[in-house]
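Trainee: I am new to this structure and would like to get to know it step by step. Could you show it to me first?

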Amino acid sequence: MTREITILSGKGGSGKTTVTGALAALGENKILVDADVDAPDLHLILQPQIKRRESFFGSKKAKIIPEACFQCWLCVTSCRFGAIKAGEPPKINPLFCEGCGLCERICPAEAIEFAEARTGEWYVSDMAYGPMVHARLDPAQGNSGKLVSLIRAEGRKIAEEKRADFILTDGPPGIGCPVIASLAGAGLVLIVTEPTLSGEHDLRRLAELIALFKIPAWVCVNKWDLNREMTLKIEEASRALGMSVAGRIRFDLTTVQAQLRGRSVMDYPESPAAKDIEEIWKQLERMQG
Ligand code: SF4
Ligand code: SF4
């Protein structure tokens, strides 16, 4: 049976993508899903070759039917997002349209309709360590949760076809809607955090959210040796919150150099970070049985 491991962090910059990129190189027969659709960066490390490209229609936008419009401009004065500019006929700026539907309801000429709008793209790719499903949401577009659910479903479909042992999902940062979309149905969560006060704070918020889904959670502290005291505090807090400690990753400049070269840190297997992540992977494999 395929198990999904979702990798999360309370916020960006804690090393989540480095860890996911490294885990991708370990173990056999897995699918990778980059669910950080607002700011995907796993492709920078894993250099996927795109095999399939699909449009994502994430929202509906208002559209004026010029022949039906008699230019009363009621829609212009009513749109509180300032999305409709006066003209003959008026013009709707799709970037500002929030799809609230007010203009369609109030237009006396029924001259406004709604159309599905393309708000991003998703891809199925091959990378050195197996298939990868990833996406990109257009700037300033919402509904990233829907896109996360879509690419996770696609990842599961490919995993079934290939009888994959694991799906590794690089989750979005934070605790918002896209994180929730990356959690439902996951078999295990790995939280990557850093030994700082904000790292502890974010970890606690994430732990509360994960507890709602009743998914086993493991924690690893990245760059743990930069603050040993804080690392101990975070590990204690994790256990108290019902989570397990998967391991620690040493501060290692190799991770930065690997990223700059567009490589996984596992391409430098003798580096301290690579060795630490390998130990974490062994823990996760044991957990998955
Ligand atoms: S409310 Fe309808 S008829 Fe009036 S300007 Fe807008 S689209 Fe045209
Ligand atoms: S759907 Fe709402 S936001 Fe979009 S143009 Fe109409 S009134 Fe403005």
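Predicted model: local features only at pLDDT ≥ 70, side-chain atom pairs only at ≥ 80, totals over all residues.

Mentor: Residues are numbered from 1 along each chain as its sequence is written, and chains are lettered from A and ligands numbered from 1 in the order in which they are written.

Trainee: How many helices and strands does the protein have?
Mentor: Helices (H or I, at least four residues) and strands (E, at least two) are DSSP runs, numbered from the N terminus. On that basis the protein has 10 helices and 11 strands.

Trainee: What distance separates the centres of domain 1 and domain 2?
Mentor: The bounds come from an automatic or database domain assignment. Domain 1 takes in 3-47 + 128-288, and domain 2 takes in 59-118. Taken over C-alpha atoms, their centres are separated by 42 Å.

Trainee: What percentage of the residues of the protein count as buried?
Mentor: A residue is buried if 20 or more other C-beta atoms lie within 10 Å of its own, exposed if 12 or fewer, and partly exposed in between, with C-beta atoms placed from the backbone. Of the 289 residues, the share that counts as buried is 44%.

Trainee: Within what arc do the buried residues of H5 fall?
Mentor: Helix H5 (residues 144-162) reaches 27 Å from its first C-alpha to its last, close to the 27 Å expected; the expected span is 1.5 Å times one less than the number of residues. Its buried residues include Leu 147, Val 148, Ile 151 and Ala 159. Directions are taken from the helix axis to the C-beta atoms. Seen down the axis, the buried residues of H5 line one face of the helix, because they fall within an arc of 160°.

Trainee: Which residues are exposed on the other side of H5?
Mentor: The buried residues of H5 are covered by elements including strand S3 (49-64) and helix H6 (177-183). On the other side, the exposed residues are Ala 153, Glu 160 and Glu 161.

Trainee: Is Arg 163 buried or exposed?
Mentor: Arg 163 lies in the loop between H5 and S8. Its phi is positive, about 50°, although Arg 163 is not a glycine. Because Arg 163 has 9 C-beta neighbours inside 10 Å, it counts as exposed.

Trainee: Where are the buried residues of H8 around its axis?
Mentor: The buried residues of H8 are Thr 231, Ile 234 and Ser 238. They cover an arc of only 65° around the axis, which puts them on the same side of H8.

Trainee: Which residues come nearest to ligand 2?
Mentor: A residue is near a molecule if its C-beta atom, placed from the backbone, lies within 6 Å of it. There are 13 residues around ligand 2. The nearest of them are Ala 62, Cys 79, Cys 97, Cys 100 and Cys 103.

Trainee: And which residues are closest to ligand 1?
Mentor: Ligand 1 is surrounded by 14 residues. The closest are Cys 69, Cys 72, Cys 75, Cys 107 and Ala 109.

Trainee: Which peptide bond is cis, with omega near 0°?
Mentor: Look at Pro 89, in the loop between strand S4 (84-85) and strand S5 (91-92). The cis bond is the one from Glu 88 to Pro 89.

Notes. Contact = placed C-beta atoms within 7 Å.
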